[in-house]
Amino acid sequence: MDKKTFKTSKNRALGSSKAQNFAVGDIVTWKTWSYNMDNEVFESKEGLLIEIIEENRLENIVLIGKIMVFGASEYDFIPIISLKKSTKQDYL
């Protein structure tokens, strides 16, 4: 694939096509390295999508999700291409 094909108005940033599936306020999941290496290599995390941010990384635009992680007091910044919508329906 050449650069002309990738840089169209539809794909102007890494994660553009996947970002269309998300809206602010969606509950999202992603995989991350586990802190406890005895059990699993990866663990799933969940949070609330607060904002979609455009960042320049190595001369390319990358879409990053600002996530309020459930059970944490700080925001996490995850590339949109790593996020999935949560399939859980009832959190109460």
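Author: Here are the questions and answers about this model. It is a predicted model, where local features need pLDDT of at least 70, side-chain atom pairs count only at pLDDT 80 or more, and totals for chains, interfaces and linings use all residues. Residues are numbered from 1 along each chain as its sequence is written, and side-chain values use heavy atoms, with hydrogens and water left out.

Reader: How many helices and strands are there, and what makes a run count as one?

Author: The protein has 2 helices and 5 strands. Both kinds are DSSP runs numbered from the N terminus: a helix is H or I with at least four residues, a strand is E with at least two. From the N terminus on, the order is α-α-β-β-β-β-β.

Reader: How are the strands arranged in the sheet?

Author: They make an open sheet of 5 strands in the order β4-β3-β2-β1-β5, with antiparallel pairing. β4 (75-79) and β5 (84-85) are the edges: each has a single partner strand, so one side of each lacks a neighbour in the sheet.

Reader: How do you know that β1 and β5 pair?

Author: Two strands pair if DSSP finds at least two bridges between them. Strand β1 (residues 27-33) and β5 have 2 bridges, in the antiparallel sense, so they meet the rule. K84 in β5 is the bridge partner of T29.

Reader: What makes D26 and K85 a salt bridge?

Author: The rule asks for a side-chain nitrogen of Lys or Arg within 4 Å of a carboxyl oxygen of Asp or Glu. For D26 and K85 the N to O distance is 3.6 Å, so the pair qualifies. It links distant parts of the chain: D26 is in the loop between α2 (16-19) and β1, and K85 is in strand β5, 59 residues apart. By this rule the count is 1 salt bridge.
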